[in-house]
Amino acid sequence: MSIRNKLYTGDCLHIVHGLDSESIDLIYLDPPFNSKRIFSAPVGSLAAGNSFEDMWTWDDVDKEYLEQLIADYPFMVNLIQTLDVIHSKSMKSYVTYMAQRIIELERVLKKTGSFYLHCDSTAAHYLKIVCDRVFGKNNFRNEITWKRFSAHSDSKYNYGRITDSILFYTKSDKFFFNPERVDHSDEYLSKEWRKLP
């Protein structure tokens, strides 16, 4: 299936399943976070009246893809099975849902491609284990800490939840990476502290 200059909408699992293996250069995945919250579009916006429940149950898991998960990743399935004991049934459902998609996304990623998974502290540590298994732990390249635009202190008894994580993986050590470089300004270079021994 040719995908050049096309926009697909819908669940990525079903769309990606129809794509050729190793056909995608870059994947950025910004899924729901299993925050156990309901998000509603603001009044006056084009989406006003719409809402999204970021809560997961076993009904959200694609049953037709479970056999592949069990056959190809038995140890990861063992880990996922324990999540309802060490965390919750909702987390078990969410991680299963995400694992199914990550497996298909890895399949379509080129050997030279890059995969970025945007997540928050709710499940980032579980999703990293899934990605370590699917991509290989040696293909974990970095974790980017992303500060939220509207970060604020949201608790009297904890540190504020002001960052998300973006996990960066590749399929091999032969991937494309274009570092962003910006020359320092003259003002920055002229600072006295820069001249200290």
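## Aromatic pairs

Rings of Phe, Tyr and Trp form a pair if their centres lie within 6.5 Å. In this predicted model, ring pairs link F115, F135, F140 and Y169 into a cluster. A search of the whole structure finds five aromatic pairs.

Y116 and F168 form a stacked pair, because their ring centres are 4.6 Å apart and their planes stand at 5 degrees. Since Y116 belongs to strand β4 (residues 109–119) and F168 to strand β6 (residues 163–170), the pair ties together parts that are 52 residues apart in sequence. Both Y116 and F168 are buried.

## Overall architecture

The protein chain contains six helices and six strands. Read from the N terminus, its elements follow the order α-β-β-β-α-α-α-β-α-β-β-α.

Of the 197 residues in the protein chain, 34% are buried. Among contacts with a separation of 6 or more, 69% are between residues 24 or more positions apart. The accessible surface of the protein chain is about 13,200 Å², and carbon and sulfur atoms account for 54% of this surface.

## The second largest pocket

The second largest pocket holds about 250 Å³ of space. Twelve residues line this pocket, and those closest to its centre are K6, L7, Y8, I15 and L19.

Helix α1 (residues 12–17) makes the greatest contribution to the lining of the second largest pocket, supplying three residues. By class, the lining of this pocket comprises nine nonpolar, two polar and one charged residues.

Terms used
Residues are numbered from 1 along each chain as its sequence is written. This is a predicted model: local features need pLDDT of at least 70, side-chain atom pairs count only at pLDDT 80 or more; totals for chains, interfaces and linings use all residues. Side-chain values use heavy atoms; hydrogens and water are left out. Helices (H or I, at least four residues) and strands (E, at least two) are DSSP runs, numbered from the N terminus. Buried means under 20% relative accessible area, exposed over 50%, partly exposed in between (1.4 Å probe, protein chains only). Contact means heavy atoms within 4.5 Å. Accessible areas come from the Shrake-Rupley method with a 1.4 Å probe; for residues, only the protein chains shown count as cover. On a 1 Å grid over the protein atoms alone, a cavity is a set of points where a 1.4 Å probe fits but cannot get out, and a pocket is an open set with protein on both sides within 12 Å along at least five of seven lines; lining residues have an atom within 4 Å of a point. Grid points are joined across faces, edges and corners, and a volume is the space filled by probe spheres set on the points. Ala, Val, Leu, Ile, Met, Phe, Trp, Tyr, Cys and Pro count as nonpolar, Asp, Glu, Lys and Arg as charged, and the others, Gly among them, as polar. Rings of Phe, Tyr and Trp (its six-membered ring) pair if their centres lie within 6.5 Å; planes under 30 degrees apart count as stacked, over 60 as edge-to-face and the rest as tilted.
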